[in-house]
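Please read them with the structure open.

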Amino acid sequence: VGSEMCIRDSPEPHRSVVRLRHGFEGAPMGLDQVACQLGCSERSVRRIQKQAHSRLRTQLGRGLAEVA
């Protein structure tokens, strides 16, 4: 399971936050920029990012276990 596939399969807004924060579609954006673009608070972006990273770690870990 690749990271791009995990991100693609993630729910919104997880997918958008990860792609914008890490620069998948241009330069990486700061919390304030992502919040402005998505119309939410920086606190919400931080919370969503934390949830998305946790989900990605779980999915990638599961994928690695299947390969081993």
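1. Contact here means heavy atoms within 4.5 Å. Not counting residues up to four places away in sequence, Val45 touches Val17, Arg21, Leu31, Val34, Ala35 and Cys40.

2. The model is predicted: local features need pLDDT of at least 70, side-chain atom pairs count only at pLDDT 80 or more, and totals for chains, interfaces and linings use all residues. Residues are numbered from 1 along each chain as its sequence is written, and side-chain values use heavy atoms, with hydrogens and water left out.

3. Helices are DSSP runs (H or I, at least four residues), numbered from the N terminus. In H3 (residues 31-38), Leu31, Val34 and Ala35 are buried, where buried means under 20% relative accessible area and exposed over 50% (1.4 Å probe, protein chains only). These three cover an arc of only 100° around the axis, which puts them on the same side of H3; the arc is that of the directions from the helix axis to the C-beta atoms. Cys36 and Gln37, both exposed, sit on the face of H3 turned away from its buried side.

4. Just after H3, Gly39 has a positive phi of about 70°.

5. A nonpolar core is a set of buried Ala, Val, Leu, Ile, Met, Phe, Trp, Tyr and Cys residues joined through side-chain atoms within 4.5 Å. The largest has 7 residues: Val17, Leu20, Leu31, Val34, Ala35, Val45 and Ile48.

6. Leaving aside neighbours within four places in sequence, Gln49 is in contact with Val17, Arg21 and Leu31.

Notes: Helices (H or I, at least four residues) and strands (E, at least two) are DSSP runs, numbered from the N terminus.
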